[in-house]
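These notes are meant for a colleague who is opening this structure for the first time.

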Amino acid sequence: MYHADEKGYYGEFGGAFIPEMLYPNIEELRSKYLKIMYEDSFQKEFHQLLKDYVGRPSPLYFAKRLSKKHGCKIYLKREDLNHTGAHKVNNTIGQILMAKRLGKTRIIAETGAGQHGVATATVCALMGMECIVYMGEIDIARQAPNVARMKMLGAEVRPALSGSRTLKDATNEAIRDWINNPVDTHYIIGSAIGPHPYPDMVTRFQSIISEEIKWQLKEKEGRENPDYVVACIGGGSNAAGTYYHFLDEPEVGIIAVEAAGKGIESGESAATSALGKVGIIHGCKTMLMQTGDGQITEPYSISAGLDYPGVGPMHAHLHKSGRAEFYSATDDEAMTAGLELSQLEGIIPAIETGHAFAIFDHKKFKPEDVVVISLSGRGDKDLNTYIDYFKLA
Amino acid sequence: MTNRIHQKMQEDKKLLSIYFTAGYPALNDTVQIIQDLEKNGVDMIEIGLPFSDPLADGPTIQDSSRAALKNGMTTEKLFEQLKDIRKTVSIPLVVMGYFNPMLQYGVAEFCKKCHEIGIDGIIMPDLPLDVYQASYQAIFKKYGLINVFLITPQTSDERIQQIDAASDGFIYMVSSASVTGSKSGFGNTQTEYFERIAKMNLKNPQIVGFGIIDAETFHAATKNAKGAIIGSAFIKHLTANGIGAVSDFIKKIR
């Protein structure tokens, strides 16, 4: 009941609200994605690359000092140790193999923090495919190291100049590119958003995260199921992968942390569950931040990867059904949590990921609780923001 | 009474339809532009309800939409501007926009308002055929509104047949694989596509849109089709010459 149905609905959310121009592409993908994904040859190639190229399985690390500080047993799922530095590559490996099998030769992607852009540019280099990444002009400025990485990997980075010039607008531009190039191009969406089958496809590629947590936790704790899994949510791909194999395990509490920006009531926020209403964004029905008139609102977060006015349809359903607890962390809480993790465990997280660690400002766990947090990305790309914020230079 | 679109499709001529963004260049230009278009012999008008994230539109309509929203255009405001439009205008009027503003207004309430005003049809590119049929068709019918579907050069024959069967009025034939305003002029690919569709003998007439900018492209598009729609080129003309210059533009087309 928490997974997509045949038409891509999670409860009332999901579906494919696309202009007719995109229908042939989406229909091709919808009718083939499951068949292709579960072919033996696909699975073999996918898992081989995850192992030898990405470096999976990513460790499940018991964070002793953080656990002591917050009075519970905290495990970190180290997606930050993946090649390219975040969970995003799990999905881009899957989708580039999908694109090859669909006979596509040109890849487009949107990116916010640049992690998905880098992960896409990386797999395009690996497979020798043309790669164009759309990125908001504001994000290009605040995530300069990732822009440089994409260029070095041979991708073209095209600035999205419209609207708030962040992730939402980069996604609009990528969709327009796909309308203009319907035959040879595959669009690698980086989050669990977009028209069906994207949310389900991205979630399945990311579900390797919770698949590994299960057997890793069994080794360490003698049980597969933690008491809680925690992830930050923008569109929600790391969260979707972290939750996937626990959705139907009612004893596992599911926790989502959104970006409150400068505060939910500040007018500068990206906390969709608190501020959103049901609507259509980027081809799916979900919760999104909008005016009473149905115009999509410009979100704000210090983290480019969470600076998105919607959440994936699966998450909208988890929120509405009460299956997941939703919290939001402000810029300040996320930055402070990022610094704390750095100094207690020697791990500098991405600012996006810092939001997940701010859960301890909002929820008190019991000493025996086993809490798995998705450490979705590393903070190298955010050093300038950290340095400015904490005046470290 | 029968829908004005049905009557218009019976006329023995090639139809010229114009799209513009409501609330642009100035918030209250909407009615004046509609009246001037009719006076200058335009056959049908698509009134664009601006949206913050127009996925199928190129820079021109993105810009006019953003400006219109900045001017204060809303769904309610548009309905208010149009409330007396049928006292002065008799050609078919179609509201074109994206589905989210319609959804937030309430689909039934939106259709009811359109009916009261005398709107004849709706074009919502991101309201797909299956969702329309499952959830909204009965409401559109109740209020006498024609829902117009799009086809593109990539649309399969089978899907075109489905869309033809579900349509009642005309089919919006997108001329090329592109967002609005990005390509102009027609090559062999378009000509072949126009001829392919003409040979299908669809029950609905086709009106061609996207890429029509002047008399030459209008005639090329309507060689096989019933009519053509001009959007971005008209908006560019308004931007450059102001709303007093509607007749200059239309005279250049025919």
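1. In chain A, strand S5, helix H5, helix H11 (237-243) and helix H15 (351-357) each supply at least two residues of the lining of the largest cavity. Helices (H or I, at least four residues) and strands (E, at least two) are DSSP runs, numbered from the N terminus. The model is a predicted one, in which local features need pLDDT of at least 70 and side-chain atom pairs count only at pLDDT 80 or more, while totals for chains, interfaces and linings use all residues. Residues are numbered from 1 along each chain as its sequence is written, chains are lettered from A and ligands numbered from 1 in the order in which they are written, and side-chain values use heavy atoms, with hydrogens and water left out.

2. The largest cavity holds about 340 Å³ of space, and among the 30 residues that line it, A:His87, A:Lys88, A:Ser237, A:Gly305 and A:Glu352 are the closest to its centre. A cavity is, on a 1 Å grid over the protein atoms alone, a set of points where a 1.4 Å probe fits but cannot get out, and lining residues have an atom within 4 Å of a point. Grid points are joined across faces, edges and corners, and a volume is the space filled by probe spheres set on the points. The lining divides into 9 nonpolar, 17 polar and 4 charged residues, where Ala, Val, Leu, Ile, Met, Phe, Trp, Tyr, Cys and Pro count as nonpolar, Asp, Glu, Lys and Arg as charged, and the others, Gly among them, as polar.

3. A search of the whole structure finds 5 cavities of 30 Å³ or more. The second largest cavity has about 100 Å³ of space, and of its 13 lining residues the closest to the centre are A:Glu20, B:Pro125, B:Leu127, B:Phe149 and B:Leu150. This second lining divides into 10 nonpolar, 1 polar and 2 charged residues.

4. Strand S5 of chain A belongs to an open sheet of 4 strands, ordered S7-S6-S5-S8 with parallel pairing, where two strands pair if DSSP finds at least two bridges between them. Strand S7 (156-160) and strand S8 (185-188) of chain A are the edge strands, each pairing on one side only, and the twist averages 25° from one strand to the next. Within this sheet, S5 (residues 106-111) and S6 (residues 130-136) of chain A pair in the parallel sense over 6 bridges, and A:Arg106 has A:Glu130 in S6(A) as its bridge partner.

5. Helix H5 (residues 115-127) of chain A lies across S5, S6 and S8 of chain A, running at about 165° to S5(A); axes are lines fitted to C-alpha atoms, for helices over the stretch in contact, and angles run from 0 to 180 degrees between N-to-C directions. The axes of helix H2 (residues 40-54) of chain A and H5(A) come within 14 Å and cross at roughly 110°. H2(A) is therefore roughly perpendicular to H5(A), a term that covers angles of 65 to 115 degrees. In their contact (heavy atoms within 4.5 Å), A:Glu45, A:Leu49 and A:Tyr53 of H2(A) meet A:Thr122, A:Leu126 and A:Met127 of H5(A), and these residues divide into 4 nonpolar, 1 polar and 1 charged.

6. A further open sheet of chain A has 6 strands in the order S3-S4-S14-S9-S10-S13, with mixed pairing, and its edge strands are S3 (60-62) and S13 (324-330) of chain A.

Notes: Angles under 35 degrees count as roughly parallel, over 145 as roughly antiparallel, 65 to 115 as roughly perpendicular and the rest as oblique. On a 1 Å grid over the protein atoms alone, a cavity is a set of points where a 1.4 Å probe fits but cannot get out, and a pocket is an open set with protein on both sides within 12 Å along at least five of seven lines; lining residues have an atom within 4 Å of a point.
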